[in-house]
Amino acid sequence: MKQSPAAIRAAVAAMFFMAGICFSSWASRIATIQQKLSISEGVFGAVLFAMPVGLMLSLPVSGWAVNRFGSRKVVCTALIGYALALTGLGFMPSIYTLAANIMVFGFFSNAVNVSVNAQAVATEALFKKPIMASFHGVWSMAGFIGGGVGTLMIGQHIPPSMHFIIMAAVVVVSVLICWRHLNDDHTPATEKKKAFAKPDAALITLGVIAFCSMVVEGTMFDWTTIYFKKVINATDANAGLGFTAGMCMMATGRFIADRFSARFGLKRTLQVSGALSLTGLLTVIVIPYLVPGIIGLMLIGSGISSVVPLVYSVAGRSTTMAPGPAIAAVSTISFLGFLIGPPVIGLLAEAFNLRISFAFVALMALFVIVFSSRAKI
């Protein structure tokens, strides 16, 4: 039976939501797991490098699978694998098993990222207006909810293992309910498309802008709670407040990104986004107290909210590549920043301290302003 565009959009949005739930559930308990295994910042940063390793292993497989089987089958399979890998993270008894599980988690994370954005591209084609940012807004909303649930779990002293089992069950049930309503893009024409394409200079610039912003975003996910505990000296109950506030503003910003960009222009929107992130990071570095820290995270969340969705939207209108391959190319570059940034922060924190490492992230926010100003967009 042919699905209505509204039903397809709702199902795709649900997949974005479940992807956000998986990642934010892990992010909200990172400090707990680090403390449980007594891992230093430097060692933990090295452990987090397992995630980009999983991403790199996933890249050729994900691209081939989407072109061979269609994004609907891939996103459903990958989301179930993502949920199972999340569950495993709560049971790892050592840094070695944790690193191995994080690599698997990164593998499925990228597979979900590639396939769910392919679903979003196909869905956007059904409408006469841009809706990409709204899908990413749903992902951010899931991050806000997942962070809030994680804070609640921490406050109630519920172990990560039980927390992750509950969230994984929600994800699997949701996939089983929604899969029939997703875009069925498995066609002979799709199978003949190349799984890889070389982006031009304009797309590389867009990818670099998104890369820098995603370094900020990945740091907010993986290190905010630890920063609040070790630098701001927040209590266990308050340690997740900054992360939750940042996710709330990130979700809000993504729901208004399209209209803001239409009024003020893409370049100005990206410049303002970088400035907000930079201001927020400088706030948490210079004034390391709870209330300024929360305000800083709200600014960071607002700043990173629109960069990736708008960059994807521009990439989809590329005159040199088809929308799907163009978005996949930019997505690959940007997602590397999301995964590589947090381990680098851990290594810098070990060599210096967390405040110095966050200064490096502030430099990435500055680069968003610089490259956006020079980009021909």
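The lining of the largest cavity draws at least two residues from each of helix 1 (5-28), helix 6 (95-124), helix 7 (132-155), helix 10, helix 14 (307-316) and helix 15 (323-351), where helices are DSSP runs of H or I with at least four residues, numbered from the N terminus. Helix 6 gives the largest share of that lining, with five residues. This is a predicted model, in which local features need pLDDT of at least 70 and side-chain atom pairs count only at pLDDT 80 or more, while totals for chains, interfaces and linings use all residues. Residues are numbered from 1 along each chain as its sequence is written, and side-chain values use heavy atoms, with hydrogens and water left out.

Rolling a probe the size of a water molecule over the atoms shows where empty space is left. On a 1 Å grid over the protein atoms alone, a cavity is a set of points where a 1.4 Å probe fits but cannot get out, whereas a pocket is an open set with protein on both sides within 12 Å along at least five of seven lines, and lining residues have an atom within 4 Å of a point. Volumes are the space filled by probe spheres set on the points, which are joined across faces, edges and corners. The structure holds four cavities of 30 Å³ or more, and the largest cavity has a volume of about 230 Å³. Its lining comprises 18 residues, of which Asn113, Asn117, His136, Trp139 and Phe335 are the closest to its centre. By class, twelve residues of this lining are nonpolar, four polar and two charged, with Ala, Val, Leu, Ile, Met, Phe, Trp, Tyr, Cys and Pro counted as nonpolar, Asp, Glu, Lys and Arg as charged, and the others, Gly among them, as polar.

The second largest pocket contains about 260 Å³ of space. Of the 15 residues that line this pocket, Ala202, Leu203, Leu206, Lys376 and Ile377 are the closest to its centre, and helix 10 contributes the largest share of the lining, five residues.

Helix 10 (residues 201-230) also packs with helix 2 (residues 30-37) at an angle of about 65°, their axes 8 Å apart; axes are lines fitted to C-alpha atoms, for helices over the stretch in contact, and angles run from 0 to 180 degrees between N-to-C directions. Helix 2 is therefore roughly perpendicular to helix 10, a term covering 65 to 115 degrees.

Definitions and conventions. Angles under 35 degrees count as roughly parallel, over 145 as roughly antiparallel, 65 to 115 as roughly perpendicular and the rest as oblique.
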